[in-house]
Amino acid sequence: MARTGATIMSIEADCGMNLAFADFTIDRADERLLGPNGPVKLGNKAYRVLLMLAEHEGRLLTKDALFSSVWDGTIVSESALTSVIKELRHALGDDPKAPRYIESVYGRGYRLLPAVTPVEGTSARRTKTESRPAADGMGARLGTPPLLYLGAFDDLAARDSSPHLAAVLREEILFALSRFRDIRLVSDQATTAPPTGGYGARDYQLSLKLVHDGRSVRAFTRLCRLATGAIIWADNIDLTDGHLGPDVDRLVRRVAAAALPRMQDDLLGNLPAQPHDVYDLYFLTRLKMRGQTTLAEAREMAATWERIIEEHPNFAPAYPPLTRLYDTDYCYSGLGSTGEAERRRAYELAHRAFALDRTESHFHAMKGWSHMWAGEWALARQHLDEALSLNPYNERRLVEVATALMYLDDLAGAADLLKRCRDLTPFVTAAPYEEQGLLHLLSGEYELAAEQLALVRRYHPDDLARTNPTVMSELYALLAASGAGASDLPSRAERWRHSMVERWCAADPPTDDRLRQWVLFHNPLKSETRRAWLVGLFEGAMAASRTGDPERERYRRVERPRAKVSVL
C-alpha cells in the first residue's frame, strides 16, 4: 500500500530510541528522565509509568494496564498509583487542575498530553524546528480526542432544600459519561470554573445549575466550547420530590443522548480546512463519510482509514468506520462491491480493535457483528451482551445490538432495546424507524412494517431539500409488500429491480439469483426457517415483477413466521 506523508515509526517497537516530549527526554538506555536543566530525579515505578505513558502516544493508559505491567500484577491499592502520578506531576512541574503533561481520565486511567517523538542519542532534545505533519494529517503528531470538562455543579440556589442533590447528579452523570471512550473526561469537584487558558477547538465544558422551584428543583444543563464560551446545547428538567430516582435517570439519559451527539456535530462542523494531526484527519474523514454517495468516494475513505491504521496501528477510532465500509458494500454506495475478502478483512480489523481495548462497548459490538457475519452465533451473542453491559446509554449501540438480536432470532430482546432507544432519542425524527420496520417484518406484521419504513429518509448531502429511503428500507418495504400481497407489488418490484440495476457495481450481472444471494449476504439470519421465509418473500416479489408469471400467486401465499412481537 502506498503511503502519503511522513512515515511514522512505532514508538513501542523502536525500543532503542529515546522519547522526547515538550522539554523532556526519556533516556531508555540509562532509564532516566532528562529535563531542561539535566537529569530529573524519579523513582523506579514513576519512571516506568512515565515510559508507558510516552509509549502510548497520547492514548489512554488504563489503571489495570499500569498495575499489570509496572506492578507485575501484584495486588496493591489505587493509592500506590495515585502517589506515583503525584510524584510525576511534581517532577514535571504539572498542575493537576490545569494539566499540561499528564491528564487524569475519570475512573479509567491516564494519558500523556504532549506529542512524543522518537529521537537518537541521550542528549537529543525536541526543537522548535521539528518536522511538521504532512498536509494530509499523516504526520508525527497524533493529537488528543475531544475533552469534556465537568467542574462542580452550581447548587447555591437549592442547597438549603436539597443539600446532597448536586453531588448525586454529578456522580451519576460522570458514571454515564465515563462509558463513552471517545472523549477525554476531566473532572474537578472543587470549583465550578474550568482551568484557565490553553483550550483547543476540541475542548468543551458541561455545566449544571440547580434552582429551587416550589416542590421541585429545576436542573439547567449547558454544553459550551471552552475556547469561546459559545453555548452549543442547553436543556432543563424538573426534579420532583419523591421521584428523584426516575428524574435523575431521565436527566442522565438526556445528557448522554443529546449533549454528546451535539458535541460531535459541533466538532464536525468546525474542523480546519487542513488536518493538523491524526485526530483532525479522523474527524474530517468521518465528515466526508456522512456525505459520500459514490463508490469511488467510499473507497477513498477506506484508503484513508487503512493508511491511518498502517501508520498508527494503536489509533483505535479508525477501526469501526473501516469495518463498516467493508461489511456493507461501502455503506451501500456500491451494491455488490464487497464479498468474502472484505468480510475477512473486517473480521481481522474487529479483532485487532478489540485487542486494543477490551472494555470499549463499541469494540464489543463490532466484534459481535464480525462473529455474526461469520456464522459464529454464540460468540456473537456474548460480545453483544457485553456491549450493552458496558454502555447502556449509547443509542447507536442499542440500535446495533437490537438489529443483531433480530438476526439471532431474539425478537423480544430486540423489541426491548428499540424501546429503550426511543426513550433515549431526543427527537422523533431520529427514531430508529428502519430497525422497527425490520422487527415488524420479521414478526410477520407487514402493514406495521410498511408504516415504519415509509418514515425512513436520508438527506442528500448536496441538497437538504431532497430525501431518499435507504437501500435496506427499500428492500424491507418490498418484502413487506410481498408478504401483505399488495396490489401494487408488480410495479414496486419492478422499480426496486431497476433501482438495484442502476446502483449495481459487481462484475457479475444482477440476476434474480444474484440479488437473492445479495439479500442473504447482508441479512445474516441465524434461523434456517426464517431464511427460507425471507427467500420466499423475495422470490414472490421478483415473480410479481414479471407480468403474467404463473409463479406469482404461489409466492404471494408465503407462510408468515409464527413468532410475533409487538413493538408499539
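In the predicted model, helix 10 comprises the 17 residues 340-356. At 1.5 Å a residue, helix 10 should span 24 Å, and the distance of 25 Å between its end C-alpha atoms agrees with this expectation. Six positions in helix 10 are named as buried, that is, under 20% relative accessible area: Arg343, Ala346, Leu349, Ala350, Ala353 and Phe354. Because these residues cover an arc of only 135° around the axis, they lie on the same side of helix 10. The buried residues pack against helix 7 (295-311), helix 8 (319-327), helix 11 (361-373), helix 12 (377-390) and helix 19 (512-521).

Twelve of the 13 residues are buried, so helix 11 is largely enclosed by the rest of the structure.

Elsewhere in the model, the second largest pocket holds about 760 Å³ of space. Its lining consists of 33 residues, and those nearest the centre of the pocket are Arg184, Gly198, Tyr199, Gly200 and Asp203. Two or more lining residues come from each of strand 9 (147-150), strand 11 (184-187), strand 12 (203-213) and helix 5 (244-269). By residue class, the lining of the second largest pocket contains 16 nonpolar, seven polar and ten charged residues.

Methods:
Residues numbered from 1 in each chain as written. Predicted model: local features only at pLDDT ≥ 70, side-chain atom pairs only at ≥ 80, totals over all residues. Heavy atoms only, no water. Helix = DSSP H or I, 4+ residues; strand = E, 2+ residues; numbered from the N terminus. Expected span 1.5 Å × (residues − 1). Buried < 20%, exposed > 50% of the residue type's maximum accessible area, 1.4 Å probe, protein only. Arc of directions from axis to C-beta. Contact = heavy atoms within 4.5 Å. 1 Å grid on protein atoms, 1.4 Å probe; cavity = no way out; pocket = protein on both sides within 12 Å on 5 of 7 lines; lining within 4 Å. Points joined across faces, edges and corners; volume = space filled by probe spheres on them. Nonpolar A, V, L, I, M, F, W, Y, C, P; charged D, E, K, R; others polar.
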